[in-house]
Amino acid sequence: MKILTANFVQCTVKACGSSPDCFPLHFDQQTPDLPLELAHEDVDFSPEFICNVLPRIEWPALLTTARELGNTQLPPAKPEIENPSAPENEQLLRDLHTLLLETQIIQGSMRCANCGHIYFIRDSIPNFLLPGHLVQ
Amino acid sequence: MSRPEISAPPEVFYSDIESKKYTSSSRIQHIQASMTLRALDVLALPPHQHILDIGCGSGLSGEILSQEGGHVWVGMDISPSMLAVALDRDVEGDLFLADMGNGVPFRAGTFDAVISISAIQWLCNADSSNADPRKRLARFFDSLYAALKRGGKVACQFYPRDESQTESILNAAKSAGFSGGLVIDDEESKKNKKYYLILTAGNVNSNDI
Ligand SMILES: [Zn+2]
């Protein structure tokens, strides 16, 4: 799962409903039998996609996710990019591309801060199947 | 061929063997590709969109999304074997093991568009583990509506068992707030007739359901 997707996914357990704490899911508690594993996977660079999706990124949640995954280098506020083809924006767009699209969470656990449900990621695939009593 | 959703729930039907058969059949690949292209045609999306693929299976549609227009996509499927085939094929989208009948797990305004090929008729099934089709349809469309940006579009090709299934699907979509309706291709042909549910999130001035 890409960091981009981690910025959009939320808990779907019944008890969470529209609780503000069901997003973002947290990577701060991992289990020894499923240690957190990240990998870099090349994706074609598309400044247009980054510019399309950037307004929808929840920056504080991204800072939280990045910190929990060991990255504390992000700017504290969301950068504003008006022109994706301006040369002065290229490095920033490439950095965002690397972070959001090329950093894969291969395995680990995501925790809902509201209900405590743990979602496991194996082979880059998060498991969102819920037992019947947790379904809305 | 019997209709797969009548014989067993999807996670059972699409076992390892069925998943490999499904993905390697060139006839199925061809039909799946042509339906995906048709859905994209109706959606008329600009390039570089963020797209959700419901019932992504082994990623046959997703590959087209990556190739046609440089879209970034997330695929959901309830069948681990189908997703395993998608992993083997090294698709570019993110894959989720999830049941669409429990709602899509994404926050408000996540996606520009949604595509689904041959999947949403499964929502109408009542098997032992997921009893109430009405609830499943409502959870699915309500959460889908929320996960789309306003004005975001949906194209779902599906195989309704009968008219009442089509009705339930349309009603659930409408209750969730979608506008839109059905597009039927090859309406006269029993064999090739294809149903597409085409929706817009929010009241854009399109024909009402
Ligand atoms: Zn929760």
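Leaving aside its neighbours within four places in sequence, which residues is Ile64(B) in contact with? The contacts of Ile64(B), counted as heavy atoms within 4.5 Å, are with Ala33(B), Thr36(B), Leu37(B) and Leu40(B). Ile64(B) belongs to helix H5 of chain B, residues 60-67, and is buried at a relative accessible area of 10%. Here buried means under 20% relative accessible area, exposed over 50%, and partly exposed in between, with a 1.4 Å probe and protein chains only. Between Ile64(B) and Leu123(B) there are 59 residues in sequence and 25 Å in space, C-alpha to C-alpha.

The model is predicted, so local features need pLDDT of at least 70 and side-chain atom pairs count only at pLDDT 80 or more, while totals for chains, interfaces and linings use all residues. Residues are numbered from 1 along each chain as its sequence is written, chains are lettered from A and ligands numbered from 1 in the order in which they are written, and side-chain values use heavy atoms, with hydrogens and water left out.

Turning to the sheet of chain B, seven strands form an open, mixed arrangement in the order E3-E2-E1-E4-E5-E7-E6. Helices (H or I, at least four residues) and strands (E, at least two) are DSSP runs numbered from the N terminus, and two strands pair if DSSP finds at least two bridges between them. Strands E3 (94-97) and E6 (178-185) of chain B each have a single partner strand and stand at the edges, so one side of each lacks a neighbour in the sheet. On average, neighbouring strands are turned by 15° against each other, direction ignored. Within this sheet, E1 (residues 50-54) and E2 (residues 72-77) of chain B pair in the parallel sense over five bridges, with Asp53(B) opposite Gly75(B). Helix H6 of chain B (residues 80-88) lies across E2 and E3 of that chain and runs at about 165° to E3(B); axes are lines fitted to C-alpha atoms, for helices over the stretch in contact, and angles run from 0 to 180 degrees between N-to-C directions.

The zinc ion is held in chain A. Its donors are the SG atoms of Cys11(A), Cys16(A), Cys112(A) and Cys115(A), at 2.1 to 2.3 Å; donors are N, O and S atoms within 2.8 Å of the metal (3.2 Å for Na, K and Ca), and water is not among the atoms, so sites may look incomplete. The angles of 107 to 117° make the arrangement tetrahedral, a term for four donors with all angles between 85 and 135 degrees. Cys16(A) lies in the loop between H1 (3-6) and E1 (37-40) of chain A and Cys115(A) in the loop between E2 (103-111) and E3 (118-122), so the pair ties together parts that are 99 residues apart in sequence. Cys16(A) is buried at 2%, whereas Cys115(A) is partly exposed at 32%.

The largest nonpolar core has 74 residues, of which Leu52(B), Phe106(B), Phe141(B) and Phe178(B) touch the most other members. Such a core is a set of buried Ala, Val, Leu, Ile, Met, Phe, Trp, Tyr and Cys residues joined through side-chain atoms within 4.5 Å. Helix H7 of chain B (residues 133-147) supplies the largest share, six residues.

Definitions and conventions
Tetrahedral: all angles 85-135°; square planar, octahedral: opposite > 155°, others 65-115°.
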